[in-house]
Amino acid sequence: MEDRHVFVCESVKTLENRFLGIDGFQVTYNSLLRNFTTWKIGGPVWAMIWVPDITSFMITTAALDETGIPWRILGKGSNVLFPDTGYQGVIVRLAGECALVRRPKTTLLEAGGGTTLARVVSVSLQESLSGGEFLVGIPGTVGGALMVNAGCFGREIGDLVESVLVRDRKGKIHWLEGEHAGFCYRNSFLRDGRFSVMKARFRFTASSADRVRERIRKFNRIRKLTQPVGEHSAGCVFKNPEKEFAAKIIDSLGLKGLRSGDAQVSPKHSNFIINRGTATARQVQFLMEWVRSEVYRSRKLLLENEIEVW
Ligand SMILES: Cc1cc2nc3c(=O)[nH]c(=O)nc-3n(C[C@H](O)[C@H](O)[C@H](O)COP(=O)(O)OP(=O)(O)OC[C@H]3O[C@@H](n4cnc5c(N)ncnc54)[C@H](O)[C@@H]3O)c2cc1C
């Protein structure tokens, strides 16, 4: 393992030298993943690389693939549980041009894969474009959201997608029509096919700033009333079973507030597990398995993870 660690760090160092002086290309070694996730959980990653544009992303990932170094993109880390032992590979983050929003057509916004949903919502407000207000309060990026077809209040991000620019597993880059991305409840072909999302074009409807603002406020209000906003979490831990709500089931079994160390089933929303301070991945997983087995025992329903465990 030690040799492998040295090999990965040396390979990344070579890449770093190649990009010397390129604005925005940055590398860190052995950073703690807990500093890059909303759960504030996770051990060290061997190397983390910030790429400022698609070209540097393509060169970086081709080099990593060539040397067989495992790598994955991380957005805002709001849907992942990293192990306490961390990630033995390279994490790539999309920055600079990969996190910008443009308006190529009247009702179309184009956003880089690393753009936060908050930024997309704020640009849509500036431009008086309606349709994406429900995304407010989802603390992820465009790439992370498209992977799982993030949604709430009866809407999903896939409904807005006109097309997505992806890098496929073979390292080829191409546009994919939204309707061919296989968006379904908390999943997509993008995820199954291990595509990297470089940018996406979203369709909106022309509206007025006042109406867009009012809808944003409404969704924000509901979130604050029903979810532990401000606590460290990764949103809903389990997918909803067909025609049911996981939170309601967990609640009905009296599991609200259940704790394992500093990990706790949120007293406000039973499908959230919050980190009250120093929770570990093991404690979260213990709690998840406890809840899953209780639900199975009493309802014969096997809850599926909504979050990703790396
Ligand atoms: C308080 C709170 C509320 C939430 N509310 C909601 C909600 O209402 N609805 C909902 O659906 N989710 C919700 N979530 C979960 C989460 O915010 C979403 O799933 C979000 O879309 C994840 O985006 P991310 O950038 O954080 O992805 P990450 O957690 O960083 O990554 C998730 C996965 O996507 C991959 N990925 C990230 N970027 C890319 C890319 N550019 N290309 C390819 N793969 C990529 C990663 O490799 C990983 O496999 C909530 C989370 C929190 C903490």
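Mentor: Strand 11 and strand 12 form a hairpin with five residues between them, and G171 in the turn has a positive phi of about 90 degrees. Strands here are DSSP runs of E with at least two residues, helices are H or I runs of at least four, and both are numbered from the N terminus. Keep in mind that this is a predicted model, where local features need pLDDT of at least 70 and side-chain atom pairs count only at 80 or more, while totals for chains, interfaces and linings use all residues. Residues are numbered from 1 along each chain as its sequence is written, and side-chain values use heavy atoms, leaving out hydrogens and water.

Trainee: OK. How many bridges pair strand 11 and strand 12, and in which sense?

Mentor: Five bridges, antiparallel. A pair of strands needs at least two DSSP bridges to count. One to look at is V166, whose bridge partner in strand 12 is H174.

Trainee: And which order do the strands take in the open sheet of five?

Mentor: The order is 6-7-13-11-12, with antiparallel pairing. Strand 6 and strand 12 (173-177) are the edges; each has a single partner strand, so one side of each has no neighbour in the sheet. From one strand to the next, the twist averages 20 degrees. Angles like that run from 0 to 180 degrees between N-to-C directions, with axes fitted to C-alpha atoms, for helices over the stretch in contact.

Trainee: Let's go to the other end. What joins strand 6 to strand 7?

Mentor: A hairpin, through two residues. K105 has L108 of strand 7 as its bridge partner, and V101 sits opposite A111 in strand 7. In total, three bridges join these antiparallel strands. Helix 3 (residues 117-126) packs on the sheet there, touching strand 6 and strand 7, and its direction makes about 155 degrees with that of strand 7. Contact means heavy atoms within 4.5 Å.

Trainee: Switching topic: which residues line the second largest pocket?

Mentor: I54, E97, C98, L100, V101, R102, E110, A111, G112, M198 and K199. On a 1 Å grid over the protein atoms alone, a pocket is an open set of points with protein on both sides within 12 Å along at least five of seven lines, whereas a cavity is a set where a 1.4 Å probe fits but cannot get out; lining residues have an atom within 4 Å of a point.

Trainee: Which strand gives the largest share of that lining?

Mentor: Strand 7, with three residues. Strand 6 (101-105), strand 7 (108-112) and strand 13 (196-203) each supply at least two.

Trainee: How do the lining residues divide?

Mentor: Six nonpolar, one polar and four charged. Ala, Val, Leu, Ile, Met, Phe, Trp, Tyr, Cys and Pro count as nonpolar, Asp, Glu, Lys and Arg as charged, and the others, Gly among them, as polar.
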